Every structure is written in structure tokens, then in C-alpha cells.
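Trainee: Can you walk me through this model? I'd like the overall layout, then the surface.

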Amino acid sequence: MRPWPFLTTLLLLAWSPSLLAQGGFAALTVTPTPGGGQTYSVTIQILLLMTVLSLLPAALIMMTSFTRIIVVLAILRQALGTAQTPSNQILLGLALFLSLFIMAPVFEKSYEEGLKPYLDEQISAEVALERAGQPFRQFMLDQTREEDLLMFTRISGRDGLPSRDEVPFSLLLPSFVTSELKTAFQIGFLIFLPFLVIDLVVASVLMAMGMMMLSPMIISLPFKLMLFVLVDGWSLIMGTLASSFYL
């Protein structure tokens with residue numbers, strides 16, 4: 001798996017092909033002043049490069065499977081009632097590496113069709129960027145509900161939904177994120193139900209025994225953990241999340 005070549009492809013936005021043909025660009029420009037001094041200025045390509053780098057985390061979150069995974073894991077932790085266990089760092093790391101696993105075919109295709117021909121000097125930077133983005137565009141279209149596309153099409157004032165090949169990125173991205181949130185909450189609802197039943201049963205038993213001062217969460221937590229371990233919950237969750245993108 002080579003996930004980083006696509007991220008490198010995004011950096012092609014930071015400079016033009018003419019500058020690349022010259023073997024690079026100047027990071028810092030030194031201009032002599034009339035008094036014998038010097039002034040320093042950063043080239044616009046460096047500013048564009050830094051802008052693209054700052055957008056990479058947002059691209060990772062919004063254009064991949066990361067959103068669905070992290071929402072489902074957060075709901076799972078809430079359903080278990082384990083407070084900060086697993087910690088946020090563990091959940092983020094788990095979501096990140098599971099996203100890399102799920103997106104591996106997309107990354108590979110993006111590299112083979114976009115970045116590799118560009119590095120071999122077979123295509124220009126603009127063509128490489130367009131080809132590298134096509135696998136991500138197709139992935140997002142496959143996971144986006146048509147009703148979400150229709151909603152954002154109507155909000156944008158367009159006459160009708162364009163064909164799949166003509167959907168603009170400004171329309172596709174919010175539709176994809178909205179669909180991902182819907183799917184994540186549907187999966188989270190199904191995960192929450194068995195743990196909710198345990199909480200209700202424990203609360204009813206404690207009230208029937210007159211032990212209203214004892215928190216039901218303290219009693220139900222071991223039973224929820226036992227249920228989760230017995231059904232091999234982590235494997236089920238990871239397998240369900242991964243397979244949900246390729247059904």
C-alpha cells in the first residue's frame with residue numbers, strides 16, 4: 001500500500017509545469033536595495049505549497065472513509081459507557097489506519113494513473129492531478145446517496161442533477177460528507193441497541209429491589225463488556241465498517 005503518493009500529487013498545485021521544467025523553483029528571493037542592503041521575499045509557490053499542506057488533514061478526513069469510522073467508534077464508546085476508554089488518541093489512530101486499509105485500492109489506482117506517469121515525465125502536472133483525483137471522485141460518488149446530491153443541487157440553484165461524470169467537486173464533497181454521517185449514525189444506532197437493552201434490564205432490576213441509590217451504570221458496565229468480548233465485538237465492528245464501503 002502506498003497512500004502517500006496521492007498526497008504528494010496534491011502538492012503539484014503549488015507550482016506550474018514551466019517551473020518544474022526548470023528543475024525547481026526559488027524558495028527565497030533576495031533583492032538588493034539602493035543603500036547596499038538586501039530584502040528577502042518568499043515566492044508565491046512556497047505560499048501555495050504551505051496552503052496545500054495545511055489542507056491535507058481536511059482532505060484526509062472529508063474525502064476518505066475516516067468520517068464514518070471515527071463517528072461509529074465514538075458512538076460505540078458511548079454505548080459501552082466506558083468514559084474515556086479507549087482514549088481519543090487510540091480511536092483516532094484506529095480510524096486512521098483502518099481508513100488507510102479501506103482506501104488502499106484507491107491510493108494504488110491514484111498512484112498508478114496519476115503520479116507515476118508524471119514522475120516518469122509522461123504527462124503534465126495538470127493531467128496528473130486530474131487523473132490522480134479520479135479514483136477519489138469515483139469512491140465518493142459510490143458512497144454518496146442520490147437524495148443528498150439532489151438536495152445540494154437544489155440548494156445551489158442548478159436546474160437538475162448533472163450526470164455522474166459532470167458532478168462538480170463543490171457539490172460532491174458536501175453530499176459525500178452528509179451521506180457518510182447518515183450511514184455512521186445508522187450503524188451506531190444498531191450498535192447501541194443491545195447495550196441499551198442491558199441498561200434497561202439492570203435499571204429495572206435495581207428499582208424492583210429498591211436499590212435506587214445505586215447507579216445502574218456501575219452494574220451494567222461489566223455485563224456490557226462481557227457481551228462485547230463474547231461476541232468478539234472489535235472484529236465485528238472493524239469487519240462491518242470495512243465491508244460497508246464495498247457492498
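Mentor: We take the elements, a helix pair and a surface patch in turn.

Mentor: This is a predicted model, where local features need pLDDT of at least 70, side-chain atom pairs count only at pLDDT 80 or more, and totals for chains, interfaces and linings use all residues. Residues are numbered from 1 along each chain as its sequence is written, and side-chain values use heavy atoms, with hydrogens and water left out.

Trainee: How many helices and strands does the protein chain have?

Mentor: There are 11 helices and two strands, taken as DSSP runs numbered from the N terminus (helices H or I, at least four residues; strands E, at least two). From the N terminus on, the order is α-α-β-β-α-α-α-α-α-α-α-α-α.

Trainee: At what angle do α9 and α10 cross?

Mentor: Roughly 140°, with the axes of α9 (residues 169-208) and α10 coming within 9 Å. Axes are lines fitted to C-alpha atoms, for helices over the stretch in contact, with angles from 0 to 180 degrees between N-to-C directions.

Trainee: So what is their orientation to each other?

Mentor: α9 and α10 are therefore oblique, the class left after under 35 degrees (roughly parallel), over 145 (roughly antiparallel) and 65 to 115 (roughly perpendicular).

Trainee: Changing topic: which helix gives the nonpolar patch its largest share?

Mentor: Helix α10 (residues 216-230), with four residues.

Trainee: And where is Leu 236?

Mentor: Leu 236, one of the patch residues, sits in helix α11 (residues 233-243). Leu 236 is partly exposed, at 48% relative accessible area (buried is under 20%, exposed over 50%, partly exposed in between; 1.4 Å probe, protein chains only).

Key:
Patch = residues over 30% accessible without salt bridge, like charges linked within 9 Å, V, L, I, M, F, W, Y side chains within 5 Å. Areas by Shrake-Rupley, 256 points an atom, 1.4 Å probe, with all protein chains shown as cover. Salt bridge = Lys/Arg side-chain N within 4 Å of Asp/Glu carboxyl O.
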